[in-house]
Amino acid sequence: MKAVGRSDASVGIRGRSARALARAGVIAGLVVLPIALAGCGPAPWNNWGYETSSPTPTSTRQTVAPPVKNDLSSGATQRNLQAGAVKATVDYWSTLSMDKWTADALKPISLSLITTIEPNDGQKVYLQRATMVAVPQSDTGDLAPLDPQVDAASVNPGYLVLSPYSYSQNFTVGPVPSNAISVTVQFTYDFLVQTTPTSNEYAKQTASDTLTIAIAQQ
């Protein structure tokens with residue numbers, strides 16, 4: 001009976017030893033696994049997106065050209081000019097709408113001029129000559145000017161322009177190069193002023209003005 005007891009105890013001890021060895025083997029395998037992974041290259045979790053870099057944003061801003069100046073954008077404009085003692089008020093307008101001021105079109109400009117004089121001792125003011133010169137502009141600067149247009153008085157000493165008498169005239173800006181974006185219209189007014197109310201002697205005074213008008217792009 002005692003021998004049998006010892007055998008059962010030996011079997012129990014051997015069973016417990018086998019189970020202990022098995023557990024030790026599992027633990028050893030778990031310990032070795034990461035070492036084996038480490039020796040095979042980068043760990044797979046490095047590719048799981050935790051360390052990604054954002055692309056550098058690219059600027060999409062575009063340069064916008066400033067609008068072309070247009071002194072007749074509202075349809076008309078008025079200017080006050082000074083020439084010595086003579087003050088001239090000039091109204092400008094066009095019978096052609098601004099969207100039709102194309103490069104190849106005939107572009108009319110109308111004007112009406114009236115003057116006052118200070119001091120007013122009774123002398124009169126006459127317009128001897130009105131001249132218009134149109135100079136087209138492109139993106140890079142001035143182009144060749146168009147031929148001058150001149151309205152010279154057909155009466156001597158000139159057209160009476162002292163208020164309440166006024167002067168009206170129509171000029172035309174002809175075709176300009178296709179690359180023109182605007183045209184500068186230069187006006188020159190030559191006045192003759194009586195030195196005294198009864199004198200046949202005159203003083204010459206000159207006033208000038210400039211309009212910039214946009215060319216409609218087709």
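Modeller: In strand E8, Ser-166 is the bridge partner of Ile-114. Eight bridges join E8 to strand E3, residues 107-117, and the two run antiparallel. Strands here are DSSP runs of E with at least two residues, helices are runs of H or I with at least four, and both are numbered from the N terminus; two strands pair if DSSP finds at least two bridges between them. This is a predicted model, in which local features need pLDDT of at least 70 and side-chain atom pairs count only at pLDDT 80 or more, whereas totals for chains, interfaces and linings use all residues. Residues are numbered from 1 along each chain as its sequence is written, and side-chain values use heavy atoms, with hydrogens and water left out.

The pair E3 and E8 belongs to an open sheet of four strands in the order E1-E2-E3-E8, with antiparallel pairing. Its edge strands are E1 (76-83) and E8 (166-173), each of which pairs on one side only. On average, neighbouring strands of this sheet are turned by 25 degrees against each other, direction ignored; the axes are lines fitted to C-alpha atoms, and angles run from 0 to 180 degrees between N-to-C directions. In general, strands of a sheet pair through backbone hydrogen bonds, either parallel or antiparallel.

The largest nonpolar core has 37 residues, of which Tyr-92, Leu-111, Phe-187, Tyr-189, Phe-191 and Ile-213 touch the most other members. Such a core is a set of buried Ala, Val, Leu, Ile, Met, Phe, Trp, Tyr and Cys residues joined through side-chain atoms within 4.5 Å; buried means under 20% relative accessible area, exposed over 50%, and partly exposed in between, with a 1.4 Å probe and protein chains only. The elements that give two or more residues to this core include E1, E3 and E8. Strand E9 gives the most, with six residues.

Beyond its neighbours within four places in sequence, Ile-213 is in contact with residues including Trp-101, Ile-109, Val-183 and Val-185, where contact means heavy atoms within 4.5 Å.

Gln-137 lies in strand E4 and counts as buried because its relative accessibility is 10%. Its side chain makes a polar contact of 2.9 Å with the side chain of Thr-184. A polar contact is a pair of N or O atoms within 3.5 Å; within protein, one must be able to donate a hydrogen and the other to accept it, and residues adjacent in sequence count only if both atoms are side-chain atoms.
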